[in-house]
Amino acid sequence: MKRKIVLLTAAMTMGLALTACGGSGDSEGGSGSGQESGGGYTFTSGSTVIEMNADASAVVEELGDADEYFESESCAFEGLDKVYTYPGFTLNTYPVDDKDYVLSVVFRDDTVSTEEGISIGSTKDEVTEAYGEPASESATELVYEKGDSEMTIGLDGDSVSTLEISAVTE
């Protein structure tokens with residue numbers, strides 16, 4: 001059975017990204033996600049395609065210097081969880097065997113969007129038109145699953161308030 005490791009990014013306060021984790025449970029050149037690559041959701045920033053569970057060092061090198069960087073001891077793995085903040089999104093990583101892997105991409109504002117054009121501020125109807133019916137749904141959240149990834153869309157009424165693409169790890 002797969003277990004999902006979720007790394008939640010808390011409020012960005014005075015340049016410090018705080019993280020917590022628990023068990024189971026567009027930049028300038030344009031960006032997108034929702035592409036089928038390796039069987040899961042991806043996110044594209046400029047020409048950099050970010051796949052969940054991919055080698056994070058190659059992604060970080062392609063993206064260039066982050067606006068902010070934060071690391072903390074992982075509570076789910078041995079090593080450090082790392083958080084890289086770029087314009088419009090945050091990239092979270094997790095460690096396994098002295099190597100970092102992409103855990104999630106969290107949209108921070110409406111300057112980034114999925115390949116299907118979904119961003120913070122989109123409507124619930126636009127989301128379901130782009131992605132169909134979610135794997136699970138509540139009044140405040142839509143969850144879509146594809147391959148080894150998940151896309152969680154937070155709702156404030158009928159409007160997208162948060163969007164995160166995350167890895168499902170085993």
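**Charged pairs and their surroundings**

Author: This is a predicted model. In it, Lys82 and Asp100 form a salt bridge, and their closest N and O atoms lie 2.8 Å apart. The pair links distant parts of the chain, with Lys82 in strand β7 (residues 80-86) and Asp100 in strand β9, 18 residues apart.

Reader: Are Lys82 and Asp100 buried or exposed?
Author: Both Lys82 and Asp100 are buried.

Reader: Why does Asp100 count as buried?
Author: Asp100 has a relative accessibility of 18%. Buried means under 20%, so Asp100 falls in that class.

Reader: Which side chain makes a polar contact with that of Asp100?
Author: The side chain of Lys82 does, at 2.8 Å.

Reader: How many salt bridges are there in the whole structure?
Author: A search of the whole structure finds three. One of them joins Asp55 to Lys99, where the closest N and O atoms are 3.7 Å apart. This pair also links distant parts of the chain: Asp55 sits in the loop between β5 (48-51) and α1 (56-63), while Lys99 belongs to strand β9, 44 residues apart.

Reader: Why do Asp55 and Lys99 count as partly exposed?
Author: Asp55 has a relative accessible area of 27%, and Lys99 has a relative accessibility of 35%.

Reader: Which residue pairs with Glu137 in a salt bridge?
Author: Lys124 does; the side chains of Glu137 and Lys124 meet at 2.6 Å, N to O. Here too the pair links distant parts of the chain, with Glu137 in strand β10 (residues 136-137) and Lys124 in helix α2 (residues 124-131), 13 residues apart.

Reader: And how accessible are Glu137 and Lys124?
Author: Glu137 is partly exposed at 46% relative accessibility. Lys124 is also partly exposed, with a relative accessible area of 24%.

Reader: Let us move to the surface. Which residues gather in a patch of negative charge?
Author: The patch on the surface consists of Glu73, Glu78, Asp97 and Asp98.

Reader: Where is Asp97 found?
Author: Asp97 is in the loop between β8 (89-96) and β9 (99-107). Its relative accessibility is 72%. The cut-off for exposed is over 50%, so Asp97 counts as exposed.

Reader: Now a new topic: Ser149. Where is Ser149, and what does its side chain reach?
Author: Ser149 is found in strand β12 (residues 149-156). Its side chain reaches the backbone nitrogen of Tyr41 at 2.6 Å.

Reader: Is Ser149 buried or exposed?
Author: Ser149 is buried, with a relative accessible area of 1%.

Reader: Finally, the overall picture. How many helices and strands are in the protein?
Author: The protein has two helices and 13 strands.

Reader: What share of the residues is buried?
Author: Of the 170 residues in the protein, 46% are buried.

Reader: And what is the accessible surface of the protein?
Author: The accessible surface comes to about 8300 Å², and carbon and sulfur atoms account for 46% of that surface.

Conventions: Residues are numbered from 1 along each chain as its sequence is written. This is a predicted model: local features need pLDDT of at least 70, side-chain atom pairs count only at pLDDT 80 or more; totals for chains, interfaces and linings use all residues. Side-chain values use heavy atoms; hydrogens and water are left out. Helices (H or I, at least four residues) and strands (E, at least two) are DSSP runs, numbered from the N terminus. Buried means under 20% relative accessible area, exposed over 50%, partly exposed in between (1.4 Å probe, protein chains only). Accessible areas come from the Shrake-Rupley method with a 1.4 Å probe; for residues, only the protein chains shown count as cover. Patches are made of residues with over 30% relative accessible area and no salt bridge: like charges are joined within 9 Å, nonpolar side chains (Val, Leu, Ile, Met, Phe, Trp, Tyr) within 5 Å. A salt bridge is a side-chain nitrogen of Lys or Arg within 4 Å of a carboxyl oxygen of Asp or Glu. Lys and Arg count as positive and Asp and Glu as negative; His and the chain ends are not counted. The place of a charge is taken as NZ of Lys, CZ of Arg, CG of Asp or CD of Glu. A polar contact is a pair of N or O atoms within 3.5 Å; within protein, one must be able to donate a hydrogen and the other to accept it, and residues adjacent in sequence count only if both atoms are side-chain atoms.
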